[in-house]
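This report walks through selected features of one protein chain. Look at the sequence and the structure first, then read on.

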Amino acid sequence: MSEILVVGSLGYDSIETPAGKVDRTLGGAANYFSLAASHFSPVRVVGVVGEDYQEKDRELLTSRGVDLSGLEKKHGKTFYWSGAYTKDMNEAITRVTELNVFGDFNPKLPAHYKNSKFVFLANIDPVIQLQVLEQVDQPMYVGSDTMNFWIQSKLLELKKVLTKVNVVLINEGESMMLTGASNAIAAAAALCKMGPQAVVIKRGEYGFVLYTPADGYFILPAFPISEVIDPTGAGDTFAGGFFGYLASLNRVPQTKDLKQACIKGSMLASFTIQDFGVNGLAAVTKGHVQDRTQAYSRVISLEDSAK
Ligand code: AMP
């Protein structure tokens, strides 16, 4: 098992979906990622929060063994995002993004983080992603995520990140925005030409597309959930399950590992969307994941189910 180093947003979200709304609930890519990845491997977080960040929100991660020695607390306010979902639960409409203490964050890795073998550059300013990666001695496997906000504001820096990662995980709309491709299949191949050796395109209820130039496409649906309460964080949860599983293998991942990792990510993400914020994910036990994985194998099986 290897430790995973993750950098990404930690913050508070206000979210409105057809199922209701919540104000200033715990969110941020690194929070969802760490909760999911810690099911499989130890996690080290790099990030920054403000004075309004609550102790119970730190404890949620430390209670899972997540190392927060690289989480700075600074004078000012914590990252804040507000978003809404209307009919299309696969695409958030951003209302407000306040970077706050992330605006001038200058990450400094604690010495013991520098030997991390698995590094995930979760959604945050690509400049910060690069600054973190430069401080890791000899990473074995590096992944990244991003979103429309950074594609629009920091495209050059983002393209530089892509040249330095082994795998990129990105949602479907953003994959098309970044490549100009008109579907996920073309976008996956185009993204691989920008640097990474593997691409995972997350498609909400339609699941994922995994692509590697050597082995081609691997495509599966998400676990079927009829009542989606809040899709926020599903992508980050997927990434956490995906990377957590890969780090648990402690070797350079092969394509078959990436396939299994996609399924782990999908299973965990299916819990995130069943409640607001991190609540669904935080309540998940190993038993829940096992049961759901069994149910999923029936969903994708070609056999009749046993009577
Ligand atoms: P997703 O998995 O794509 O639904 O990610 C949702 C999370 O991304 C929310 O909890 C937000 O706090 C976070 N987020 C939204 N905008 C940004 C941004 N520009 N940079 C980093 N994180 C963000």
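**A buried phenylalanine**

Phe-276 is buried, because its relative accessible area is 11%. Buried means under 20% relative accessible area, exposed means over 50%, and partly exposed lies in between, with a 1.4 Å probe and protein chains only. The model is predicted: local features need pLDDT of at least 70, side-chain atom pairs count only at pLDDT 80 or more, and totals for chains, interfaces and linings use all residues. Residues are numbered from 1 along each chain as its sequence is written, and side-chain values use heavy atoms, with hydrogens and water left out.

Phe-276 sits in the loop between H9 and helix H10 (279-282). Helices (H or I, at least four residues) and strands (E, at least two) are DSSP runs, numbered from the N terminus. What does Phe-276 contact, leaving aside neighbours within four places in sequence? Its partners are Ile-15, Thr-17, Ala-19, Gly-20, Lys-21, Val-22, Ile-229 and Asp-230. Contact means heavy atoms within 4.5 Å. Pro-231 is 45 residues away along the chain, yet the C-alpha atoms of Phe-276 and Pro-231 are separated by 8.1 Å.

Ser-270 lies in helix H9. Ser-270 is buried, with a relative accessible area of 3%. Not counting residues up to four places away in sequence, Ser-270 touches Phe-223, Ile-225 and Arg-292.

Now the sheet. Nine strands form an open sheet in the order E5-E4-E1-E8-E9-E10-E11-E12-E13, with mixed pairing. Two strands pair if DSSP finds at least two bridges between them. Strand E5 (67-73) and strand E13 (216-220) are the edge strands, and each pairs on one side only. Neighbouring strands of this sheet are turned by 15° against each other on average, direction ignored. Axes are lines fitted to C-alpha atoms, for helices over the stretch in contact, and angles run from 0 to 180 degrees between N-to-C directions.

H9 packs on this sheet. The helix touches E9, strand E11 (198-202), strand E12 (208-212) and E13. The direction of H9 makes about 165° with that of E12.

Strand E8 (residues 118-121) and strand E9 (residues 141-144) run parallel and are joined by 4 bridges. Phe-120 has Gly-143 in E9 as its bridge partner.

Lys-73 is found in strand E5. Not counting residues up to four places away in sequence, Lys-73 touches Val-49, Gly-50, Glu-51 and Tyr-53. Asn-148 is 75 residues from Lys-73 in sequence, and their C-alpha atoms are 27 Å apart in space.

**The four-stranded sheet**

Another open sheet has 4 strands in the order E3-E2-E6-E7, and its pairing is mixed. Strand E3 (20-27) and strand E7 (93-98) stand at the edges with a single partner strand each, so one side of each has no neighbour in the sheet. Neighbouring strands here are turned by 15° against each other on average, direction ignored. Strand E6 (residues 79-84) runs antiparallel to E7, and 5 bridges join them. Trp-81 stands opposite Thr-97 in E7.

Rolling a probe the size of a water molecule over the atoms shows where empty space is left. A pocket is found on a 1 Å grid over the protein atoms alone: it is an open set of points where a 1.4 Å probe fits, with protein on both sides within 12 Å along at least five of seven lines, and lining residues have an atom within 4 Å of a point.

The second largest pocket holds about 180 Å³ of space. Volume here is the space filled by probe spheres set on the points, with grid points joined across faces, edges and corners. Its lining consists of His-39, Phe-40, Ile-263, Lys-264, Met-267, Lys-286, Val-289, Gln-290 and Thr-293.

Which helices each supply at least two residues of that lining? They are helix H9 (255-272) and helix H11 (286-299). H11 gives the largest share, 4 residues. By class, the lining residues divide into 4 nonpolar, 3 polar and 2 charged. Ala, Val, Leu, Ile, Met, Phe, Trp, Tyr, Cys and Pro count as nonpolar, Asp, Glu, Lys and Arg as charged, and the others, Gly among them, as polar.
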